[in-house]
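User: I am new to this structure and would like to learn how to read its features. Please guide me through it.
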Amino acid sequence: MATAIITGANRGLGLEMAKQYSANGWHVIGTAREPEKATELQAIDNVKVLQLDAADDASVKSFAEQIADQPIDLFINNAGSFGPSEFDPDAWLDLFNVNVIGPVRLANALKENVAKSADKKMVVLSSQVGSIAENKTGGMMYYRTSKAAVNQAWNCLAQQWKDEGLTLAMMHPGWVQTDMGGENADLTPQESVEGMRSVIDRLTHEQSAKFYDYSGREIPW
Ligand SMILES: NC(=O)c1ccc[n+]([C@@H]2O[C@H](COP(=O)([O-])OP(=O)(O)OC[C@H]3O[C@@H](n4cnc5c(N)ncnc54)[C@H](OP(=O)(O)O)[C@@H]3O)[C@@H](O)[C@H]2O)c1
């Protein structure tokens, strides 16, 4: 049975990923900052719930110790935050800790687990608004910069680990009806995650370091 780690799996896209991957025969390790409150996640078959705050070194270390030497076929860094809506240096730095440093912290901690698996994939949930090429309107500067930065970080890791067989990709889920996306968004979590699963399933090693949306469209950086 293949194993996937999904961060921020207590709500939104992460919860839907945990539901769909487990329903499709995967063993899922779903993380939550407060596992005792993650009742919907705890109720899914084939899901093990572990505590994780991606912004906290000690929490990531303790999480990695619990994973020990298990092979991890797919690591999805889904956890993310939108950050401040006006200039607030401390909140901007906090956002970078969650959206940029968090994924790298976890990728480093889980690299050997992914390398020893069959699939060897690491996916980070980025956002189309992180694309510098597609930004013709401005706005959302704090969130945009965090997603542009994580794209470059993921590209660095993808290049660094290419010869070891790891495949790293960035995904835009579409505009989705979650707490972050709001109720007027285009897609349901079910539609977005069905699309992303299909793209992730088909990812080849040659596609490492690419940025795709849920429909498989490649997004320019
Ligand atoms: N929804 C959209 O339209 C959209 C569009 C583009 C990209 N995205 C990206 O897709 C991902 C999931 O988004 P979503 O819409 O599902 O968001 P969401 O509904 O706001 O859920 C965010 C998840 O991330 C977790 N999280 C936040 N900070 C964390 C931390 N420090 N450590 C661990 N977990 C943390 C939250 O946990 P708590 O419950 O503990 O807060 C929650 O589980 C994000 O990376 C987001 O940027 C979403």
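User: Into which classes do the residues of the shell around the ligand divide?

Analyst: Ala, Val, Leu, Ile, Met, Phe, Trp, Tyr, Cys and Pro count as nonpolar, Asp, Glu, Lys and Arg as charged, and the others, Gly among them, as polar. Here the shell holds 12 nonpolar, 12 polar and 4 charged residues. This is a predicted model, in which local features need pLDDT of at least 70, side-chain atom pairs count only at pLDDT 80 or more, and totals for chains, interfaces and linings use all residues. Residues are numbered from 1 along each chain as its sequence is written.

User: How many residues surround the ligand, and which are the closest?

Analyst: A residue is near a molecule if its C-beta atom, placed from the backbone, lies within 6 Å of it. By that rule 28 residues surround the ligand, the closest being G8, G12, G80, T178 and G181.

User: Which helix gives the most to this shell?

Analyst: Helices are DSSP runs (H or I, at least four residues), numbered from the N terminus. Helix α1 (residues 12-23) gives the most, with 3 residues.

User: At what angle do α1 and helix α6 pack?

Analyst: Axes are lines fitted to C-alpha atoms, for helices over the stretch in contact, and angles run from 0 to 180 degrees between N-to-C directions. For α1 and α6 (residues 189-202) the angle is about 60°, with the axes 9 Å apart. Angles under 35 degrees count as roughly parallel, over 145 as roughly antiparallel, 65 to 115 as roughly perpendicular and the rest as oblique; α1 and α6 are therefore oblique to each other.

Note on methods
Helices (H or I, at least four residues) and strands (E, at least two) are DSSP runs, numbered from the N terminus.
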